[in-house]
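Please prepare a structural briefing on the model shown below.

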Amino acid sequence: MMRELDLSCVVPAARPIVEAAANVYLRHTEQWLIGLLIHGSAFKGGFIPGCSDIDLQIYLQSEAFTRYGQLPLEICSAIQRDLSHIDPSPFQYIQGYALSSQPRSQYVGPIPGAYHMLTGHLPVPEASEADVQRSARKKLASIDEHIAHYCRGLLEHGSGKLERQVRFLCTDLWPTLYQLLAIQEQDGLRIWGLPKPAAIALLRQESQLSQTASTFYQALHRYYPQATSIEDAIHVIEAGIAFFEQARLWWLEYNLCV
């Protein structure tokens, strides 16, 4: 029997998609299931149509996984066939991770207040404030790599390269914003539970950080959901790099003061 799903905390636009995707995962992994959760903007709100994805994590008994730490290929293929019948719009795509109840080293658990259990229970410890602060410092130390990567990406063309660069930029920039705020506010558990507009609003309004974050957010709304304008895509990347550069300066100044 399929387990009952608690969709009460999922944003309305995402509920039918989450329900359909969750049932696909459950149908193929029920025998090992421990818990299934949702996080990100489909839970917190503030999603950007055509840009944001639906983030699901399914926790399974260790017996479900192969020696490579993944589900067997035949199960992954069956899940993909079923997922292919789901229209993810107004979200861009469905992102799912199958995780063991025995987490790998350096694993940071879900952040309390930033996720919701759709069914079952969480078999791993939640992230602590110390975990969040430690992870934030590690990530902020690698901002230079993001700047170099997205500048270099503008030299490529074809096969949807530019569209993917914009999408990947989002997956790097939003966590950087939350990590920076976690250190600024010294309250990472609260910060990660905020939707994007509320997080941006915490930045000092007259600061370059605030201005570049707001410019990036506005640029995304101009580019999506159509995602067809080359100029708008370039503007998103330029705005993202500008934010990374300001975040890098803030991080350097912060380290001089501590």
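The structure holds nine aromatic pairs, where rings of Phe, Tyr and Trp (its six-membered ring) pair if their centres lie within 6.5 Å. This is a predicted model, in which local features need pLDDT of at least 70 and side-chain atom pairs count only at pLDDT 80 or more, while totals for chains, interfaces and linings use all residues. Residues are numbered from 1 along each chain as its sequence is written, and side-chain values use heavy atoms, with hydrogens and water left out.

**Aromatic contacts**

- Tyr223 and Tyr224 form an edge-to-face pair, with 4.8 Å centre to centre and 70 degrees between the planes; planes under 30 degrees apart count as stacked, over 60 as edge-to-face and the rest as tilted.
- Tyr223 counts as buried because its relative accessibility is 3%, and Tyr224 counts as buried at 4%; buried means under 20% relative accessible area, exposed over 50% and partly exposed in between (1.4 Å probe, protein chains only).
- One aromatic cluster is formed by Tyr150, Phe243 and Phe244.
- The charged end of Lys196 sits over the ring of Trp174, 5.6 Å from its centre; this term requires NZ of Lys or CZ of Arg within 6 Å of the ring centre and within 35 degrees of the ring normal.

**Strand pairing around β1**

- β1 spans residues 33-39; helices (H or I, at least four residues) and strands (E, at least two) are DSSP runs, numbered from the N terminus.
- Because six of the seven residues of β1 are buried, this strand is largely enclosed by the rest of the structure.
- β1 and β2 run antiparallel and are joined by six bridges, with Gly35 opposite Tyr59 in β2; two strands pair if DSSP finds at least two bridges between them.
- β1 also pairs in the antiparallel sense with β4 (residues 115-120) over five bridges, and Leu37 stands opposite Met117 in β4.

- The largest pocket has a volume of about 1,800 Å³, and of its 47 lining residues the closest to its centre are His39, Gln57, Pro175, Gln179 and Trp192.
- On a 1 Å grid over the protein atoms alone, a pocket is an open set of points where a 1.4 Å probe fits, with protein on both sides within 12 Å along at least five of seven lines; lining residues have an atom within 4 Å of a point.
- Grid points are joined across faces, edges and corners, and a volume is the space filled by probe spheres set on the points.
- α6 gives the largest share of the lining of the largest pocket, nine residues.
- The lining of the largest pocket has 21 nonpolar, 15 polar and eleven charged residues; Ala, Val, Leu, Ile, Met, Phe, Trp, Tyr, Cys and Pro count as nonpolar, Asp, Glu, Lys and Arg as charged, and the others, Gly among them, as polar.
- The second largest pocket holds about 310 Å³ of space and is lined by 17 residues, including Tyr25, Leu71 and Cys76.
- The lining of the second largest pocket has eleven nonpolar, six polar and no charged residues.

**Backbone geometry**

- A cis peptide bond with omega of about 15 degrees joins Ser89 and Pro90, and Pro90 is found in the loop between α3 and β3.
- The peptide bond from Tyr224 to Pro225 is also cis, with omega near 5 degrees.
- The loop between α9 (208-223) and α10 (230-257) contains Pro225, and Ala227 is in the loop between α9 and α10.
- Ala227 has a positive phi of about 50 degrees although it is not a glycine.
- Ser159, likewise not a glycine, has a positive phi of about 55 degrees and is exposed, with a relative accessible area of 68%.
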